[in-house]
Amino acid sequence: MGSRPRGELLQGTLPLLILRTLATGPNHGFAIARRIHQLSRSVLRVEQGSLYPALHRMELDGLVESYWDTTENNRRAKYYRLTRRGARRLSAEQDRWRAIASAIAVILQEG
Amino acid sequence: MPLWLRRWFVRLGATLSGRRARDVREEHRLHLDLLEQDNLARGMSPELARDAARRTFGNAALLEETSHDLFSFRLVEDLVQDLRYALREVRRSASFTCVAVFSLAIGIGVVTATFAVTDAFMLRGLPVHDPDRLIAFSTSTSRSWATWSYPAFVAWRRSHDGLFEVAAGSDPFPVELPHDGGVAREARVSAVSDNYFRVIGVDLALGRSFTPDEGRPDGPDAVAVISEAFWTRWFGGLPDALGRTIELNGARYQIVGVTRKGFTGHVVGYPCDVWVPLARGPVLLHSPALLSDRWGGPRWLRVVGRLAPGVTLARAAAAAEIVRGRFTAQEAAALGTTRPDVVRDLTLKLVVLTANTGYAPERSRYAWPLLLLSGITALVFLVACSNFSSLMLARSEVRRPETAIRLALGGGMWRLARQAATECLLLAGAAAVGGALVARWATTMLLKEFAVMIVPITLDPGWDTRTLGFMAGCIGVAIVCGLWPWTRTSRSATLTAVCQSFDPNSRTHRAMAGRLTLVLQLTLCAILLIGAGLLLRTVVNLRSQDLGFDRNVLLVSLAPGQAGYSEPASAMLMQRIRDRLSALKGIQAVGISGQELLNPTNYWVDTTQQLTTDRGAVLARQQWTSAPVGPGFFAAVGMKVVRGRGFTDRDIESPAGVAVINSALARFLFGAQDPIGRGLRQGRRGPLQTVIGVVNNARQVSPRDRDVGVVYLPLRNSTRVVLAVRTATDPAAATSMVEHQLGAIAGDVPIEKIRTIAQVLDDGIAQERLMSAIAIMLGALVVLIGCVGLYALMAYDVARRAREMGIRLALGATKGRVIALVLRDSLLLLVPALAAGVPLGVASIRPLSSQLYEVRPFDPWTLIGVTVLLVGVTLLATLRPARAASRIDPIILLRAE
């Protein structure tokens, strides 16, 4: 796993990715990280050092909420799910990201 | 819900439940475990899998910390930590802290109390609209507001040309209210013109003010406006007070209004309860003549004016003076030369004063003590602040290595500063609370003492914004004083400081700062003690001086006139009392004086009326006074007849004018010639009086008077007299006997006062005694505070130089030499303090030298006394640290290192 080149996350994109991941259903921290990794075809890697602070900050801001549940392996885990405020934020952020990405793409093509 | 509020709630919930940290840890553990499982699944060995998982996960503690910060009040937690730390520091040196806080509390307290009283009595404007436009009418001879007759007020009111509007009010006078549940109470009543409230500029909280109709002498109904304080006291603050009545001198007055809170009339320090229309004044005062139609009639009103916008004081004064001139010229011309005194009064020039601070007749008498008190309390406060500062300096010095290490280990400067500030604020806060209590207590005590010593005033200094602001300012100064040592330490607290602090021979410049504050304190001590010493000597001199008569004479004030005796009847009664008392065993002599002795309120030294001799020599601009005395007076009070003779009963009865003068007057008027048989007259046209005797100089009216000429005249009117009784035994013990005898002789004449001359003297110099008492009390306080500072500094110094002392002792220095070394060190602090304090003390008392009596500001005895005292307390304060230094055991010291 460590042999692959590491995908650095762009500043400020982690919350967006977390929100997108949670849009498909509640999950715990480890699963969120793994899912981002898988969905990006193993390009993006989320560091624990930024994942949990980001999750907690989002929880503080009311974008996600947490509850305790058991995993498929019967372990107690803290699950996060999207709040209504989080869902709103996700769609807004997605639009913003698409706009920026297409703008950047245009510039890169011109160059 | 706004985001910040939401965050705040989540944080609060997390802090309160305390579950958050556990949750975070569990969450991380799960993550670690899952990582490990992944690794195992990939075929790693168990140990390798765990290690790899840990490596991937990173610093778990840091992660927990980050999350913790997110869900907590970091600032609050830090603050609590700082506070706990500060408290620990405070506990560690409890006694020292206590003294610093205590002295700071006293400093803040006394200075605030002084400000509160000074402000309430001297500085604060009347609680009215636009007080700066208020003016008061005075004359060139009186410094404060003058009294005016009713016609004078009316004249100004009618012809003011729109420059100002005048109102008039009598000073409040007491009127007994009907008994209420057996308790007699009195109200202070002031008779005021109908426009009084409008002109002064005070709103009515309830009801209305007087109508012009009600102001007429034959006005319809008796009405009254009451003060808010009286309303609360008498009517419980109920609105139905309007329309109810109060009984004043048997007549009922209907209440029509209540003034705004805080307004107590134009006289500061003597609150008014009830205002009645001007015309009611003569009725309540039982003297209808008050509403006379002559300008020169009875003067009983204060005249207050309010300037129209844009009018200057000078313009208003000129206009008012023209009115006065027009009216008084006619009247003076009509009187001609028949009433020179009235004419003189009439021709006094008008002076218009600003009246924004109201009328306070006692203000000038309080000004002195208050000014002195302000100065001294300011010094006490400064000393307390410097003490606080040196305490904080000692603290930061002790903590210097710790600070340096913290900084070296990456401790934030900001955090360290906050810690120091927390400690300083904690101490200052404690001092502020104590200071408020002290101020409360000191204010009441101050007013009570002043009332006893000078004259009663009623003030509510209160805790208004000005006083609170002043106190906050004081606390601010204290905080700055406590913080500046830290700024010094932190600047130099680098690693080099650590090295330096372990240098045994470090007598750094930093210790100098502590010494400097101490020298400053001792200087202030010296200044204060010099002031206190000079005032004390003044009191002692005033008390012990040769008054010219004996102290142990009983003075009994009697007023037969009040008991209904006519003049001849009074004279006969006095004759009877003298005969009966003189016959008693234990009473040596009885005399009568027409006025009280040594009473400064009687103080009246005439410099305007001339004294002429039969050969025309004029004593002008020379201090002289006259005193009516009866036969036997000189013998009774112990005055000596130097030449000629004293009065006899015949002199009193005979129509021929005779006089006895004192030696001072004899010298002024007749020089070396024999005054006996010569004549003198008061004023140019007074009756000629023949001098029959010369007596020694005695302090007739004031204990400070020296060489004031006195003309003693035979007492003609005995309706109000002072009986001088010289007893064989202790006069205080004879008091009851004399009282008993007087009761037997003339039981219907009440004894107003019965005191010895010594007691009268003490009352007469009350202001001086009060000032010296205050100076001594506060001086003692400052010395005490200074002593503690000295003790602390020397103790700290000895601890710092323990190694040096140990080496000295190890090398064979005796205990005595070590003690002497420390003592010498502290005495060396005193030298510059005295060198600065003595000239400063002498210079600062110089403006007060008119208050001193027979002692010059540069008084060698006082200076010697102060020096000896300061040396004594310095040695006393240093003795314990010095002995501690001498007991240092080099062996123990060596082991400790």
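Student: How many residues of chain B are in contact with chain A, and what makes them count as contacts?
Tutor: 16 residues of chain B are in contact with 15 residues of chain A. Two residues are in contact if their C-beta atoms, placed from the backbone, lie within 7 Å. This is a predicted model, where local features need pLDDT of at least 70, side-chain atom pairs count only at pLDDT 80 or more, and totals for chains, interfaces and linings use all residues. Residues are numbered from 1 along each chain as its sequence is written, while chains are lettered from A and ligands numbered from 1 in the order in which they are written.

Student: How do you know that the length of helix α3 of chain B agrees with its number of residues?
Tutor: The expected span is 1.5 Å times one less than the number of residues. Helix α3 (residues 46-57) of chain B has twelve residues and should span 16 Å; its end C-alpha atoms are 16 Å apart, so the two agree. As for the name, helices are DSSP runs (H or I, at least four residues), numbered from the N terminus. After α3(B) comes B:G58, whose phi is positive, near 90°.

Student: Which residues does B:V782 contact, leaving aside neighbours within four places in sequence?
Tutor: B:V782 is then in contact with B:L379, B:V380, B:V383, B:L524, B:C525 and B:L528.

How values were computed:
Helices (H or I, at least four residues) and strands (E, at least two) are DSSP runs, numbered from the N terminus.
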